[in-house]
Amino acid sequence: MATNDETSTYSIPATRRADGTWRKPRRVKEGYVPQDEMPTYESIGKKMTKSQSSSLPPGISAADNESSSKDKSKAQKKNEQRKLKKKLKNQESDDIKDTADKLDKCSIGNQASTKTAEDHKQVSDGRKRNIEKKLRQIKELQKKLDNGEIKELNSEQIAKLNKKEELEKELASL
């Protein structure tokens with residue numbers, strides 16, 4: 001802030017704007033503080049907390065704070081226990097699977113052979129139905145081609161028609 005000794009008036013000197021133009025000097029009263037230079041308002045509570053030496057809550061010393069930072073919170077402990085339980089459960093289920101596999105490999109008398117024969121029969125029945133379904137689709141496709149419903153075959157349809165002989169051989173072997 002500048003003063004004029006002759007008239008003892010206070011004024012803010014002229015300043016240049018960003019676009020290059022000049023602001024006029026402004027006359028102000030004695031003791032005027034520009035808004036930019038005004039200190040921000042602080043409440044009494046804020047002033048008290050600034051005046052305290054540490055930022056710890058009342059009743060806690062710095063030594064207590066160091067030890068509590070190393071300790072885990074209740075949620076962290078709970079999460080850690082949950083992870084441990086999950087890990088143990090996975091290990092137990094893996095152990096159970098391993099023992100179940102070992103028991104399946106073991107056989108007493110003719111039990112294993114009958115079980116594998118039943119499994120083989122179920123698998124072959126499923127495969128047989130699958131092959132029959134594919135052969136039905138091939139016959140329908142061939143019928144549509146002969147009737148003229150389909151003018152041109154795409155690559156998938158051609159591949160399906162080419163597999164007809166292989167499927168019939170496989171069906172005969174089952």
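Me: What conventions apply to the model?
Reply: Residues are numbered from 1 along each chain as its sequence is written, and side-chain values use heavy atoms, with hydrogens and water left out. In this predicted model, local features need pLDDT of at least 70 and side-chain atom pairs count only at pLDDT 80 or more, while totals for chains, interfaces and linings use all residues.

Me: Why is the contact between Arg127 and Glu170 called a salt bridge?
Reply: A salt bridge is a side-chain nitrogen of Lys or Arg within 4 Å of a carboxyl oxygen of Asp or Glu. The N to O distance for Arg127 and Glu170 is 2.8 Å, so the pair qualifies. Arg127 lies in helix α4 (residues 111–147) and Glu170 in helix α6 (residues 164–173), 43 residues apart. Helices here are DSSP runs of H or I with at least four residues, numbered from the N terminus. A search of the whole structure finds 1 salt bridge.

Me: Why does Arg127 count as partly exposed?
Reply: Buried means under 20% relative accessible area, exposed over 50%, and partly exposed in between (1.4 Å probe, protein chains only). Arg127 has 29%, so Arg127 is partly exposed. Glu170, with 28%, is also partly exposed.

Me: Why is Asp101 called partly exposed?
Reply: Asp101 has 43% relative accessibility, so the label is partly exposed. Asp101 is in helix α3 (residues 74–105).

Me: How much of the protein chain counts as buried?
Reply: Of its 174 residues, 7% count as buried.

Key. Helices (H or I, at least four residues) and strands (E, at least two) are DSSP runs, numbered from the N terminus.
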